[in-house]
Amino acid sequence: MTRATCNDHIFLVGFMGSGKTSVSRKLSAITGLSLIDSDYRIEAIQHRKIPRIFAEEGEEGFRKIETDTLAGLKFEGKSIVSCGGGIVCRPENREILKSLGTVVFLDIPLDEAIARISNPKTRPLLSGARPVEDIYDERIPWYREVADITIQSSGKSVLQVANEVKAALESRGQL
Ligand code: S3P
């Protein structure tokens, strides 16, 4: 028996603090589509919090789990998917994102993203050896590469951003 597959998801990508979690929740509420958060999904499957996965397996171990989790979404019904900020780091993830749906990039300047992060302890990369500016600069081209839609989220409320995403999806016939 073949399993039903889906290539119609709506992925929200962007740097840590860009508002993916709160915007995806609002978007799910206003569209009625179900919501998947890749980080929560990983924690639920692994029975471990993300900082513990990083501590025990390093970033590479986490990225592998992230790829498996992302690939598994092929077998889920159409959903809004809030992605961890580093999901774009692996080329194979970028291919999976492009093949499984529409990708929305929430674009925000680094200083604003950092200012929005309420609990940096939950993000191991913020206390790692690499300056966050380097990580941000490296990723921006990858977010742009995968994006079907880019929304500037700087200075806007969660509802404003969610409404802009919804309007962009509607104009493409994806809602
Ligand atoms: C990461 C971002 C986090 C989480 C993990 C790694 C990253 O998600 O996936 O700590 O590499 O940027 P958020 O973007 O939701 O903070």
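## Ligand shell and an aromatic pair

By class, the shell around the ligand comprises 5 nonpolar, 3 polar and 5 charged residues, where Asp, Glu, Lys and Arg count as charged, Ala, Val, Leu, Ile, Met, Phe, Trp, Tyr, Cys and Pro as nonpolar, and the others, Gly among them, as polar. This is a predicted model, in which local features need pLDDT of at least 70 and side-chain atom pairs pLDDT 80 or more, while totals for chains, interfaces and linings use all residues. Residues are numbered from 1 along each chain, and side-chain values use heavy atoms, without hydrogens and water.

The ligand is surrounded by 13 residues (a heavy atom within 4 Å); the closest are Lys20, Asp39, Arg63, Arg123 and Arg139. Helix α3 (residues 50-72) contributes the most to this shell, with 3 residues; helices are DSSP runs (H or I) of at least four residues.

| Side chain | Distance to a ligand oxygen |
|---|---|
| Lys20 | 2.5 Å |
| Asp39 | 2.7 Å |
| Arg139 | 2.7 Å |

Of the 390 Å² of accessible area that the ligand has on its own, the protein covers 95% (Shrake-Rupley method, 1.4 Å probe).

The structure also holds 3 aromatic pairs (ring centres within 6.5 Å). One of them joins Phe15 and Tyr136 edge-to-face, at 5.2 Å centre to centre and 80° between the planes (over 60 degrees counts as edge-to-face). Phe15 lies in the loop between β1 (9-13) and α1 (20-31) and Tyr136 in helix α6 (residues 132-146), so the pair ties together parts 121 residues apart in sequence; strands are DSSP runs (E) of at least two residues.

Terms used. Polar contact = N/O pair within 3.5 Å; in protein donor to acceptor, adjacent residues only side chain to side chain. Phe/Tyr/Trp six-rings, centres within 6.5 Å; stacked < 30°, edge-to-face > 60°.
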